Amino acid sequence: MKKFLTNRDFILFAIIMIGLVAVGFANPLFVTPSSISDVLTDTSILIILALSQMIVILIRAIDLSVASNLALSGMLISLLSTVHPELPVYYFIALSCVIGTVLGVLNGVSIAILKVPFIVTTLGTLSIYRGLIYFVSDGKQVYSNEFSKDFLALIHYKFLSLSFLFWLAVAVFIIIYILLNHTRFGRNLYSLGGNPDAAKYIGINENKYIILAYSISGFFAGLCGYLWVARYSVASTQIAIGFELTVISACVVGGISVMGGVGTVLGCVLGALLIGLIRNALPAVDISQFWQLAISGAIILIAIIINTKTEQRKEKTIMVEN
Amino acid sequence: MKLELKNISKNFHGVKALQNVDFQLKDNSIHALLGENGAGKSTLVKILCGVYQPDSGSIHLNNQEQTISDPAISLSLGISAIHQESVMFDELTVTENIFIGNHLTKSNRLIDWTLMESKTKQLLEELEANIEPNEKIKDLSIAQRHIVQISRSLIHDADIVIMDEPTASLSQKEINELYTIIRNLKKQNKSIIFISHKLDEVMEVCDDFTVLRDGELIKSDIITNTDKDQLITHMAGREVNQIFPKNNVTIENEIFQVRDFYKKTQFKDINFNLRKKEILGFYGLVGSGRTEIMKSIFGITKPDEGDIHFKDQKINIAKPSDAINQGIVYLSEERQQLGMTGLMSVKDNINMAIMERNSQFYIMDTLKEIKNASAMQEKLNIKVSYWSQLTQSLSGGNQQKTVIAKWLSTKPEVLILDEPTKGIDVRSKSAVHEFMGELVGEGMSIIMISSELPEILGMCDRVVVMYKGLIKEILNVKNASSEQIVKLASGES
């Protein structure tokens, strides 16, 4: 039981439940099945991106370019769909993923091969990818009536009265869970982030893992490019601006240590859910809009303080008293 | 012959770490690798692990010549090292640390956790170790960590297991358990290279021995042909071939006393005094608690019990600035990390600790700073081309002088030097020594931690010998022999 209570994922789950109950008292409408289903749908993209960001954070890096990558991939397929509305939607999804992956590989190569620090690389590509959207779109928007019916239909598909987006997030959760816990690749990411020197001793090729981690982050950014555009039925230069910070917050709240090598897939999802809940619940309980940003920031900070407090290390022992 | 090293040499920036060393490891043997700190043992081990490449010489495994160009190759050749410093993954479980880099997978290429866990459990049971496979490494004791590392080499099916001071911080019971494991390894047809400073244990466990000194092979034989005293002579028996320019100063009255210092798991019953114009040495193995005591005196960490008396008054040091204000300064062993800021200029580094004295109303007086810096440069003979030169561009010796200059600027009365000549070339070394002589001549008192016996014998008036967090004895250097000091420091008497 004690072990259970010190489990970070459990604490996070409890916080979400308590939050849900508290919001329920203030506004009973918020905890109806349909409204909770809406929150889940609304948080799905955040969950997917947080999971892929987690892979990068595990190896002591960060990908700041995800939101720009998402927006650029989304814009490129939107433009294509206005020219070729007859193509099936799967083409667009696949293309979006490919574009995202290429953009991710570029990050990885810059960091691993050209040795540009990750923060500089992704800060640079954050601007470059966003800037390219203006270039390809001439600064114009693609409106909902310009997309083909097919393009937008998939996103509104429902199963067991839960949205396509939600089920996709569940699928990504399972895939990343297996990847990180049940493949050599995933376990090597943990060892590389946990103790890079020791990882070299056992022959792990750091550069390969950096490039692969950024490629995965790019792949899911590309996937979310399609999801975002289809869900909001609009592609513009401004979509998802600043969203990378929400994604990183979700990881940190979920207990993914920015020092690398620590964090669970479940924790990451719970972190994203908590942030999704805060974003949706604060308007529902009549908190002034002026306060919302500050309050959600404060909650994130408190979560980080709890994380660092539980991470204090032991002193080495010289003298054995017995 | 399982392993044979022929004529291995390795230089680091002109310092000879190994010179034409031969080493032979027989099948089925536990081979002790002996020598003082800095004798070249670690370099030899790192060459075997593929971390360093030898400058010359050859490595033969089972009579075949091999090139070990990186750690992965060393592992695949069946060489596995249990390092002193941790190469484990604190946040991962025991099972995973044992299988790391070598995860077992099912036919669908997913990791087979059940199989790995049951193998781990079986292995730990064979070793009679009371460790759960799914415990995290950070929750284990040091002895348990050693066992996990040993298990790792067993899983990798290592032929040669290198153990670098495996018993350094274990209790007697844990040590006995470890011996059983080592003897079991031998029965399984493996050879072990055993590095230890404890000669009793070497005599008990090992079959063969090799002694290195100053990077040279001194003696290699079977253990029954020697005894402890001979080994000590082999290890320590060098002539003091450096000149230690110690001025003849008259030592005056006691000015500084440490009383009953105690910190849990670090050190206990620490009592010593320091007299004016004296150089007091602290000798002991790496990790015997010397640095930890000095950090507590300087206020970096807090001792659980104990007082410091300075000039007949009890003083309270809660943080480093208290110590500096009293005139006590500490020069860290890790000068690069803790002593200086490489990206700041030499002048700024020298003046870093006396900003208050060099400023008026919080505005820095550059003229005063330059005055102090040039006085220090002259005194210490720091080779610097211009004042705004970055400290990191200086040589190791000049960096060390810059750090010393920084602390001397505070006009201290008690100077604590932690390995002041570690990793600097011979000429800078003697410059530092010369300078220490001058300082005591001017009335300063010095505490010097050193792992180099000649330095202790050449520079100090008295030496405090430490072993595992305890003071074994305080000797007058004039009447002490190097054998006696080595004996005390390895817990032999």
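## Antiparallel sheet of chain B

Two strands count as paired when DSSP finds at least two bridges between them. On that basis, this predicted model contains in chain B an open sheet of 4 strands, arranged in the order E12-E11-E14-E15 with antiparallel pairing. E12 and strand E15 (313-315) of chain B stand at the edges; each has a single partner strand, so one side of each is left without a neighbour in the sheet. From one strand to the next, the twist averages 20°.

Helix H9 (residues 290-297) of chain B packs on this sheet and touches E11, E12 and strand E14 (305-310) of chain B. The direction of H9 makes about 110° with that of E11(B). Strand E11 (residues 254-263) of chain B is joined to E12(B) by 6 bridges in the antiparallel sense. Within this part of the structure, B:Phe256 stands opposite B:Leu274 in E12(B).

## Parallel pairing around strand E7

Strands of a sheet pair through backbone hydrogen bonds, in either a parallel or an antiparallel sense. Strand E7 (residues 160-164) of chain B pairs with E6(B) in the parallel sense over 4 bridges, and B:Ala81 stands opposite B:Ile162 in E7(B). E7(B) also pairs in the parallel sense with strand E8 (residues 191-195) of chain B, over 5 bridges. Here B:Met163 stands opposite B:Phe194 in E8(B).

Strand E7 of chain B is mostly covered, with 4 of its 5 residues buried.

B:Thr93 is located in the loop between strand E6 (79-82) and helix H3 (94-99) of chain B. The C-beta atom of B:Thr93 has 21 others within 10 Å; the residue is therefore buried, since the cut-off is 20 or more.

When neighbours within four places in sequence are left aside, the contacts of B:Thr93 are B:Pro133, B:Asn134, B:Glu135 and B:Lys136. B:Asp139 is 46 residues from B:Thr93 in sequence, and their C-alpha atoms are 9.6 Å apart in space.

## Contact between chains A and B

In the contact between the two chains, 29 residues of chain B meet 23 residues of chain A. Helix H2 (71-76) and strand E12 (267-275) of chain B each supply at least two residues of the side of chain B that touches chain A. The most is given by H2(B), with 3 residues. By class, this side of chain B has 13 nonpolar, 10 polar and 6 charged residues.

How values were computed:
Residues are numbered from 1 along each chain as its sequence is written. Chains are lettered from A and ligands numbered from 1 in the order in which they are written. This is a predicted model: local features need pLDDT of at least 70, side-chain atom pairs count only at pLDDT 80 or more; totals for chains, interfaces and linings use all residues. A residue is buried if 20 or more other C-beta atoms lie within 10 Å of its own, exposed if 12 or fewer, and partly exposed in between; C-beta atoms are placed from the backbone. Two residues are in contact if their C-beta atoms, placed from the backbone, lie within 7 Å. Ala, Val, Leu, Ile, Met, Phe, Trp, Tyr, Cys and Pro count as nonpolar, Asp, Glu, Lys and Arg as charged, and the others, Gly among them, as polar. Axes are lines fitted to C-alpha atoms, for helices over the stretch in contact, and angles run from 0 to 180 degrees between N-to-C directions.
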